[in-house]
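Here is a quick walk through one chain, element by element. Have the 3D view open and follow along.

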Amino acid sequence: LLPTFGGATLSLFFMAEFLVSDYFAGSGGAADDATDCTAAVQAALNAAKAAHGGSVVFPRGICRVNSDVSVEFSGKEGHLRLCGSAGDSAIRITGSHFNALYLAATDLITLENFVVLGDLGRNYDACNSVIYLSHGRVNVRNMQFYGLGCNGATAGSGILSLSSCVAEVSNTHFDGCMAPSSGVLNLLDSHGAIVRNTEFFD
């Protein structure tokens, strides 16, 4: 069966895949929790944009993201999906960020089946949002967020910020995340939201 979103059937099984690991050779990346994978992640996002959508797949292991990565489509076109490999994938947000991961202006953005980790020893990982998803429809499911901090105080700040969209967050876990001036999960100008089976722990 195809999954549904707001009563509509999603066609997920015929999307082009862009493996972050395919871009390691050109950028020197490795999912070893030590090497910066920012360039590889950005290259995979750029390739998905050029194809008007697709799945960006993180490899098994931990990819460090030391600088902001972003992609903004020219209009509400396509479906951009970020996912892990067999439940063993994670990204670690390191360094100083504004929005560590910014995705906008697609018809549908899906995040599923990977872990987002904070930088050990840092109080804050972003000064606006750790992950900022904007416009269209947003589906966040089977995600885990650990040890992340955001010190942004603007309306759009948060660990996970969902802006100007119809959003669904399900089967997602936040643990040890701090956003004292904004909120861990921020729904900004939402056109409708469903949050279910989602846990928040100090």
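Predicted model: local features only at pLDDT ≥ 70, side-chain atom pairs only at ≥ 80, totals over all residues.

Which residues of α2 are buried? They are Thr-38, Ala-40, Val-41, Gln-42, Ala-44, Leu-45 and Ala-48. As a general point, an α-helix has 3.6 residues a turn, so residues three or four places apart point the same way. Just past the end of α2, His-52 adopts a positive phi of about 60°.

## The parallel sheet

Now for the sheet. Five strands make up an open sheet with parallel pairing, and the order is β7-β10-β13-β16-β18. At the edges sit β7 (69-72) and β18 (185-188), each of which pairs on one side only. Going from one strand to the next, the twist averages 10°.

Take a look at the β18 end. Here β16 and β18 pair in the parallel sense, with four bridges between them. Leu-162 is the residue opposite Leu-187 of β18.

## Ser-163 in β16

Ser-163 belongs to strand β16, which covers residues 158-163. Is Ser-163 buried or exposed? Its relative accessible area is 5%, under the 20% cut-off, so Ser-163 counts as buried.

The side chain of Ser-163 has a polar contact, at 3.5 Å, with the side chain of Ser-164. If you skip the neighbours within four places in sequence, Ser-163 is in contact with Tyr-132, Leu-133, Ser-134, His-135 and Leu-188.

## Aromatic pairs

How many aromatic pairs does the structure hold? There are four. One of them joins Tyr-102 and Tyr-132, a stacked pair with 5.5 Å centre to centre and 25° between the planes. This pair links distant parts of the chain, since Tyr-102 is in strand β10 (residues 99-104) and Tyr-132 is in strand β13, 30 residues apart. Tyr-102 is partly exposed at a relative accessible area of 22%, whereas Tyr-132 is buried at 12%.

Then there is Phe-145 with Phe-174: the ring centres are 4.7 Å apart and the planes are at 10°, so this pair is stacked. It also ties together distant parts of the chain, with Phe-145 in strand β15 (residues 144-146) and Phe-174 in strand β17 (residues 166-175), 29 residues apart.

## Cys-127 in a loop

Last stop: where is Cys-127 found? Cys-127 is in the loop between β12 (115-117) and β13 (129-134). With a relative accessible area of 39%, Cys-127 is partly exposed.

Not counting residues up to four places away in sequence, Cys-127 touches His-97, Phe-98, Asn-151 and Gly-152. As for Asp-202, it lies 75 residues from Cys-127 in sequence and 20 Å from Cys-127 in space, C-alpha to C-alpha.

Note on methods. Residues numbered from 1 in each chain as written. Heavy atoms only, no water. Helix = DSSP H or I, 4+ residues; strand = E, 2+ residues; numbered from the N terminus. Buried < 20%, exposed > 50% of the residue type's maximum accessible area, 1.4 Å probe, protein only. Polar contact = N/O pair within 3.5 Å; in protein donor to acceptor, adjacent residues only side chain to side chain. Contact = heavy atoms within 4.5 Å. Phe/Tyr/Trp six-rings, centres within 6.5 Å; stacked < 30°, edge-to-face > 60°. Pairing = 2+ DSSP bridges. Axes fitted to C-alpha atoms, helices over the stretch in contact; angles between N-to-C directions.
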